[in-house]
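Biologist: I would like to learn how to read the features of a model like this one. Please give the general idea each time, then the case at hand.

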Amino acid sequence: MLFAAIDIGSNAIRLLFENVYTDTDTPVFKKLSLTRVPIRLGEDAFPTGRISLDKSLAVIKAMIAFKHLIEIHQPVDYLAYATSAMRNASNAAQIIEEIHRQTGIEVEIIDGQREAEIIYSTHIAEEMRHDSSYLYIEVGGGSTEVSLFDRGANVFSRSFPVGTVRMLHGLVGEAQWSEMKDWLRVNTLGHTPMAGIGTGGNINTILKILRKKEDRPMPIRKLREMRDYLASYSLEDRIKVLGLRPDRADVIVQATDIYLNVMKWCRIDHLIVPKIGVADGIIHLLYERYATGGRSRILSAG
């Protein structure tokens, strides 16, 4: 059965179609397609507290396109969530109302705690050793979500307003870094040995550059080397020489700094990088809702 997830993030908005196969005892999730549109809402929302008319129109047009793709693929169910940039925008309600009027798609703005829980819902850590602790680290444009999973139980999920687009605009200062560092140091004490599970587009790009398989842990030493390697190139050369997309090239060093800081504060010496994100978590939620008899959404407007 096919499900669809829309993730309206600070750097890009995404539409993921994913099949869930239930022929075995454990459902198997297989991605069908991912459409990513780098509108970068955080570029407006974080410095000004509003989303400009141009970007509002861009996200509405993208959602109209997503509506057509959903109608073509006809998933069993879908959900659309918006995260940090929309949380920060004073005109988010008007944009969401217009999206609903033109497409019939209901967009829900979720808080940071909920965002962390959605990423955690992929249950990646449950497939790993149960005598260890795992810290999910999802670095986004507007925020970083962390969830601690210790010996089969979720200990906490927490969101911090430290993201790559915010850093790009000089909106992450000493106060935000200190709050994050102090909180993580205190709340991860005693949970050792701990491994990190890194998610998000930037860490997946680093994995791709390293040509590492996703089931092979990345040592913190290697991540530090990659940070220095990426920073040694100008923005222009990260695009031309390394072949990165412009909207990835200008934030990948900042993202690496966030991963490295969290790993250092939490005494994590290696990172596992499965290819999951918010949209994957939404698919898991949809399947769980379907399996327990929850309602399905049907596009009705436009």
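Biologist: Which residues in α8 are buried?

Modeller: First the basis: this is a predicted model, in which local features need pLDDT of at least 70 and side-chain atom pairs count only at pLDDT 80 or more, while totals for chains, interfaces and linings use all residues. Residues are numbered from 1 along each chain as its sequence is written, and side-chain values use heavy atoms, with hydrogens and water left out. Buried means under 20% relative accessible area, exposed over 50%, and partly exposed in between (1.4 Å probe, protein chains only). Helices (H or I, at least four residues) and strands (E, at least two) are DSSP runs, numbered from the N terminus. In α8, the buried residues are Asn202, Ile203, Asn204, Thr205, Ile206 and Leu207. Arg211 follows α8 and has a positive phi, near 55 degrees.

Biologist: Which residues have the most contacts inside the largest nonpolar core?

Modeller: A nonpolar core is a set of buried Ala, Val, Leu, Ile, Met, Phe, Trp, Tyr and Cys residues joined through side-chain atoms within 4.5 Å. The largest one here has 36 residues, and Leu135, Ile137 and Leu223 have the most contacts inside it. Elements that each supply at least two residues of this core include β6 (133-139), α8 (201-210) and α12 (252-265). The most comes from α12, with nine residues. Another core, of 31 residues, lies apart from it; Ala4, Ala80, Ile95 and Val107 are among its members.

Biologist: What is the volume of the largest pocket?

Modeller: On a 1 Å grid over the protein atoms alone, a pocket is an open set of points where a 1.4 Å probe fits, with protein on both sides within 12 Å along at least five of seven lines; lining residues have an atom within 4 Å of a point. Grid points are joined across faces, edges and corners, and the volume is the space filled by probe spheres set on the points. For the largest pocket the volume is about 940 Å³. It is lined by 38 residues, of which Gly200, Gly201, Asn202, Asn204 and Arg248 are the closest to its centre. The largest share of the lining, six residues, comes from α8.

Biologist: Where does Ser157 lie, and with which side chain does it make a polar contact?

Modeller: A polar contact is a pair of N or O atoms within 3.5 Å; within protein, one must be able to donate a hydrogen and the other to accept it, and residues adjacent in sequence count only if both atoms are side-chain atoms. Ser157 lies in strand β8, and its side chain makes such a contact with the side chain of Ser147 (2.8 Å). Ser157 counts as buried because its relative accessible area is 7%.
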